[in-house]
Amino acid sequence: MRLTLLILLSCGLSVLNAEQWCKKDIYESRIHSVNKVVEVVAIWNPMRVGSTKILELCSSRNGLPFKRDCSYNTNEASASWDVVKSNTEFINCNSISYICKSEEFQHFYLNKNRQRAKFTNRWHSAKMGELAITQEPCLLATGLPLTKRCIYNPQHYAVEWEENRDLENAKCLLELNENIITFDLYKLYNEAIANNSPQNAAAVISKLRNLLAKSGTVRTPADIEISTRILNTIGEEYSNTELVPIILDIINILIESPENIKNSSQKLNTPAVLIDYLENYYNTMAHRIFQDNKCGLTANGVVYFTTNHISVFYLKPSCSNLTGIATYNTLTHPSADMFFDSNVQRYIRYLHMNESLHNILGEPHLQMVSYIPQSTWEFVSQNVIKNKHNDVIRIILYANGSLFNKSGFKVDSQVLSISIPGYKGNLSESIPVILQYSKLEDEPSAVCSSYIDNTWIDNNDTPVLPQHQNLLLCHTRHLKPLAAVRRVEPENTESITMSLLTLIRDSFVDVVSVLGCGFALFGLLCIWMTALCCTRWRSKTSYQLLMNLCFVLTLITVCFLLINISTVWDAVVNINNDYHCVAIGAFLQYTILVLLMWMLFIGILQYQRIKAVVGIVRTSHFVAKYALAAWGLPMVPIALLVLLDRKSYIPQGGDPICYPSGIGFYLTVAVPITCLVVLNVAVLIYIVYNLRRSLIDYRNSKRRQELCIQVRFAICLFVLLVSSLVFGILAHRNVSLLFSFLFCLTSTMQGLMLFVYFVVVDKNDQFAWIRCCVPKDYFPIPDNAMTQLTMFSAEDKDTI
């Protein structure tokens, strides 16, 4: 079955000879529905140049209403349609909702001291292709809001929320050190949505300006994003002329935001959305400013609004034949038709449509020139402007290109945007534009470029004026923003992901944690002093194992100590650098696994020491074998994770610590640690069991009592070492403030427990300290004591 689509473009089809029209266009296509496909013939009736026709049918590829522009083709000197892709097919627009409905989701709020609280939030509804933000504030550490995109599914011809695993259990900052207005902007945005009426529009716009102008606050990328959303929510239909300068002032404040903030907002494409709003809004306001075909507030038909960074000009050629402007620096000698703009410190002159470009180029101290020549304006008036009420030229002049900066491009001049509200497509003839740019040596030359589809496109016709080395003469038929742009090396995107906001943190928590680590290091230092001062002590093979354990424990304790001294940690480690993060995460993971390996081996040796009642002979080089296993085996899972999934070390959702996450955490951290802990527990249980069996005949012996004490110490030490690691990680992940104090308590005791267990209560070590610190001449050791020391030393050499 074949149908014909008749696209009516105007009430009458009579074509005036003096007008330019696009000819009738016919081609075959298809209309898709859920259950069937219908072949059709699309017929586009003639349409006047500069017009756009939007169908009631949508493209099956992107779900958007299908439209075609009729533009003037200078090569053919006639009007022509824009090209339709051969595979373009249609669907019924009424079958698409275009809106992703609001839905609930859960995330975490990070409060004071990074304490987490689960919260049920909602996504605002969003149109197809747009990003939605949350109803309640949800700020990331980068200052960006948490967002979710509404996308079109071409397979189902429907819109749906984009899947993003990063949003699952996201962590949003709530109690901040910085003084920001973002939370107030969230409330204002919700108010604008809830009461979107003409009566409320002026109040919302006024509140928005007052918030943005508030002094002593830190600007965030979310401020630009939410402010843009508020402006779009108000809409052009609710704006009266009294709001025009206020809205311009709001946009001027947003442009004054720091460069890093504007660059960060590029991630959400906020500057491009703000530019589109600005262009569309001031196009819409043109006919409201010149109502009843009057010449506006001035006799020459010119109305302008100006701020520090942006100026808007409306010119009505039917009033005084003015179609452009020229700007001059402060060195110029002003003529009678110039006036001074104190906001941007420049002179401005309005240009008539019949002025000579040659004469204008002869004027000194030019900054920018743009006007529509008489022949071009007559063509536009004849073909498009049938109602003199709409014969308005709108010019927007941006003082710099901070909103237009794209990666790989550098704007070196003012940005000019000239438009004829109601006119679509290209002009019949090029209009001249002169731009003053910053000429830099050893840098690529700037060229005239148009801002089209969110990027800069060279015009390929940029002669440098010989007599003015810093002026470019451009010609353009595009009614798009224009500037002098040069290509540069793409900027490092690391600044976009850098943390901007920080949570409030009590210094008391850090002090407690630092003290805990300090006491633990004191106990470990005593052990190292024992090894340093007592040659006989460190020569014992069993204590060589202990020194390996103390070494890895010292590494972990020092690392936790530095983490809790934020100023030192931030100076040494950049958590936003992926290489730093992977290195720190792998180091923590490695040291914890090594520690558990040594705990397992010492548990086994402790069992052998208890079995020494019947005698156990050591194998040769057993310390080297244990060291090779303890320090080597943990490298295997870590190396595999770094090679296969290094991104798992990168913190997700605002986590303050670089440590494996996801499947990498379970395979390389949870499983190995669980196995080692289970083995350690099994060894301890087996030790207790064999102690009760093998020594039943020595129930009242002194040897029995000593072994029981050693087993109790071993169990306590194991619990302290494991619990301190668990509490340390949980405290730094800020699951609860309680874990910070538990980590402090257990880490304080573990170093001292090691010193007491392996040095203080051991008679050999007591004699070693006496022999090391007290000369024999001043503190003679009894012969029986020396005999006991020799016996214990010989015992340690052969058996455990």
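1. Strand 21 and strand 22 (residues 346–352) run antiparallel and are joined by four bridges. Across that pairing, methionine 338 sits opposite arginine 349 of strand 22. A word on terms: strands are DSSP runs of E with at least two residues, helices are runs of H or I with at least four, and both are numbered from the N terminus. Two strands count as paired if DSSP finds at least two bridges between them.

2. Before going further, a caveat: this is a predicted model, so local features need pLDDT of at least 70 and side-chain atom pairs count only at pLDDT 80 or more, whereas totals for chains, interfaces and linings use all residues. Residues are numbered from 1 along each chain as its sequence is written, and side-chain values use heavy atoms, with hydrogens and water left out.

3. Strand 27 (residues 431–436) deserves a look of its own. Five of its six residues are buried, so strand 27 is largely enclosed by the rest of the structure. Buried means under 20% relative accessible area, exposed means over 50%, and partly exposed is in between, with a 1.4 Å probe and protein chains only. Strand 23 (residues 366–371) is antiparallel to strand 27 and joined to it by three bridges; there, valine 369 has isoleucine 434 as its bridge partner. With strand 30, strand 27 forms six bridges, again antiparallel, and leucine 435 stands opposite leucine 472.

4. There is also a three-strand open sheet, antiparallel, in the order 14-15-16. Strand 14 (131–133) and strand 16 have a single partner strand each, so one side of each is left without a neighbour in the sheet. From one strand to the next, the twist averages 30°.

5. Strand 15 (residues 147–153) and strand 16 run antiparallel with four bridges between them. Opposite pairs include tyrosine 152 with valine 159 and asparagine 153 with alanine 158. Four residues lie between the strands, and tyrosine 157 takes a positive phi near 50°.

6. Now the cores. A nonpolar core is a set of buried Ala, Val, Leu, Ile, Met, Phe, Trp, Tyr and Cys residues joined through side-chain atoms within 4.5 Å. The largest has 66 residues, and the members touching the most others are Leu231, Ile247, Tyr282, Tyr314, Phe404 and Trp456. Helix 4 (residues 244–255) gives the largest share of this core, nine residues. Apart from it lies another core of 59 residues, including Met547, Ile592, Ala627 and Phe755.

7. Helix 3 (residues 221–234) passes a simple length check. Its 14 residues should span 20 Å at 1.5 Å a residue, and the end C-alpha atoms are 21 Å apart, which agrees; the expected span is 1.5 Å times one less than the number of residues.

8. Valine 552, in helix 13 (residues 541–564), is buried, with a relative accessible area of 0%. Not counting residues up to four places away in sequence, valine 552 touches Thr591, Val594, Leu595, Trp598 and Trp631. Its C-alpha atom is separated by 9.7 Å from that of tryptophan 631, which is 79 residues apart from it along the chain.

9. Finally, the totals. The chain has 22 helices and 31 strands, and buried residues make up 50% of its 800 residues. Of the contacts with a separation of 6 or more, 70% are between residues 24 or more positions apart.

Terms used: Contact = heavy atoms within 4.5 Å. Axes fitted to C-alpha atoms, helices over the stretch in contact; angles between N-to-C directions.
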